[in-house]
Amino acid sequence: MIPWAGSSSSPSLQGVNLVRTYGDGTARRAALQQVTLNLYPGQLVLLMGPSGSGKSTLLAILSGLLEPDSGQVLAADKGQLLDVWRLSAKQREQFRRKHTGFIFQGYNLFPALTARQQLELVLMWGENVSRSEARRRADEMLDRLGLLPNRHKKPAQLSGGEKQRVAIGRALVKNPTFMFADEPTSALDWENGQKVIELLRDAAHQRGAAVLCVSHDHRILPFVDVYYHLDDGRLEQRPLPVGP
Amino acid sequence: MSIALQTLWHERSRYAAGVLAVAFSAVLIALQCGLLLGLFKITSIPIDHTTADLWIGSTKVQSVDLGKPIPMSYLSRISGIAGVTSVELYIANFANFAKPSGGTELCFILGSNTDRGAAGAATVLSPEQLDALTMPYSIIVDESDLKRLGFLDNPDGKVKINGKEVKLVGTVKGLKSLAAPWVFCSLYTARQLLNLIVPSDHVTYLLARCESPERAKAIAAELRDKYGSDMGTYTAAEFSYNSREYWLLRTKAGIAIGYAALLGLLVGAVITAQTLYSATIANAKEFAILLALGIPRWRISSMVMMQSFWVGVIGVALAYPTCLALRSGAAQVGADVDLRWEVLVGTAAVTISMALISGLFALRSVRTIEPMSLLR
């Protein structure tokens, strides 16, 4: 597999001069101040910063979940640039359905469904594929994640690390262009956390996704391609640590 | 198994309240309707326990106990019609019953031909009882009315109907009464007892037997066409139905039952809606992920609706055996609960619709789900 890191010159997602404030009057607080950020295909980008620095806000705006006060989010789609926040709500929903995957700190798996069904649901409800096709693709993904033997297990029968891997499978099974991960390792021990970050890196390097990971966890740094720091609504790219 | 049903089963303790609420509503509706139908069957006993195909009486008779006297000469209008195999006279009316123990009671006289197999003779009367009724002024009543008519208190006392002494010659079972005890007697006896109400050249009904029930319908239509202005013709089935419907509406019992059923439905609907609402809220984060992934909200709404449908179906499935058990319990104490298929199907339709409407109310929980909640 050819590594994608740095191999593409044009970004697949650009956040341009993004501004977002919360509150009114004297309580008004800027969460993002003229933030510009590019995500490239094949790159795992880490976004760090103290609590309340606006990391989750930036992730939400870039992923089409939260509208910025000003600025643009431009996404490359079939040779065109889509302004995500000028699309209608329905078009933006379609955009997310087609292009984006999410992983959150909580695994948010349906307690009643097996690992395989969690993935099937996304394909059947999102892409209208048949159950047999959904099953084939779900099993393929679970196999890549080393979870095929657990495919009939429900969340209560899985460990924390396994649950997060199922959640990653659910995000990856539709082959997204962009992956957004919010604190994906914070509920896991480092052994499982490392597996998760490796999977995110594989999603970028092997599948060509643009992956943005928001985290407090410095142990992730050696695995990422680009590292941003956000503080008080201002974004700054920082050098990656050198050496193993 | 569908995802909706799988979730329902997995979280069955969460959904139990909704399922039980639906079952409760269904039992309440089915039993109330069944009891009412069972009760008002009593009003059509003279029709349902005789073998006439056609009842011919005065015009617009709403119930069997409301027929006005008609001239006996109408007999000639009927006996000549092809397909009519026999016609009999029948006298029926309310009368004043002086109890052997003292006091009076209203009763309803049913005077028919006492020949074996006569169209107007109640089918429960044995040949011996029919013979006994040929004696003038002999009567038979249902054993459930013996106490009401004072026979138990003073078995040897004098019994008078409309001032004329009568003699109890037997009892029957299963012909209970509502407003006035049924008194079975011969046509002759009835005429003597009711001579002030039914003139000697009049009867209350003419009972006809026909070649077949289909033929009876056609003859009824023919007679209505020809003599509809002064003579009413009813098939046994429609006369029976009309009698029950009349009393159901007249007594407003239907309204009372309707309110009770409505109350049951409302309670069921509120609990079901609340159950579905909280169950959806409990899965809000899982649904929020799906919304973030771009899955349309209607997919989640339709899953909630599917769940409400299944809550309804399972509730009804639990209600049916409960109803049957309660019916046999009621039968033990002598109450007839008529759980005919219309009642069971109607109950299922109403309660499953209720569950679906509850599902619609629970959909507001889906509207509150926002993917942004996962990032806060």
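## Exercises on a predicted two-chain model

In chain A, 4 strands form an open sheet in the order 2-1-4-5, with antiparallel pairing; strands, like helices, are DSSP runs numbered from the N terminus (E, at least two residues, for strands; H or I, at least four, for helices), and two strands pair if DSSP finds at least two bridges between them. The model is predicted, so that local features need pLDDT of at least 70 and side-chain atom pairs count only at pLDDT 80 or more, while totals for chains, interfaces and linings use all residues. Residues are numbered from 1 along each chain as its sequence is written, and chains are lettered from A and ligands numbered from 1 in the order in which they are written.

**Exercise 1.** Identify the edge strands of this sheet and describe what packs on the sheet.

*Solution.* Begin with the edges: strand 2 (29-39) and strand 5 (80-83) of chain A each pair on one side only. The twist from one strand to the next averages 25°. Helix 1 (residues 55-62) of chain A packs on the sheet, where it touches strand 1, strand 2 and strand 4 (70-77) of chain A, and its direction makes about 125° with that of strand 1; axes are lines fitted to C-alpha atoms, for helices over the stretch in contact, and angles run from 0 to 180 degrees between N-to-C directions. Contact requires C-beta atoms, placed from the backbone, within 7 Å. Finally, strand 1 (residues 13-22) is joined to strand 2 of chain A by 7 bridges in the antiparallel sense, and A:Gly15 stands opposite A:Leu37 of strand 2.

**Exercise 2.** Determine where the buried residues of helix 4 of chain A lie around its axis.

*Solution.* Helix 4 (residues 131-144) of chain A has 14 residues and reaches 20 Å from its first C-alpha to its last, close to the 20 Å expected at 1.5 Å a residue, that is, 1.5 Å times one less than its number of residues. Its buried residues (20 or more other C-beta atoms within 10 Å of their own) are A:Ala134, A:Ala138, A:Met141 and A:Leu142. Seen down the axis, these fall within an arc of 100°, so they line one face of the helix; the arc is that of the directions from the helix axis to the C-beta atoms. Their cover includes helix 3 (115-127) and helix 5 (160-172) of chain A.

**Exercise 3.** Find which helix of chain B gives the most to the side that touches chain A.

*Solution.* Start from the contact totals: 20 residues of chain B are in contact with 25 residues of chain A. Helix 1 (3-10) and helix 10 (284-292) of chain B are the elements that give two or more residues to this side, and helix 10 gives the most, with 5 residues.

Methods: Two residues are in contact if their C-beta atoms, placed from the backbone, lie within 7 Å. A residue is buried if 20 or more other C-beta atoms lie within 10 Å of its own, exposed if 12 or fewer, and partly exposed in between; C-beta atoms are placed from the backbone.
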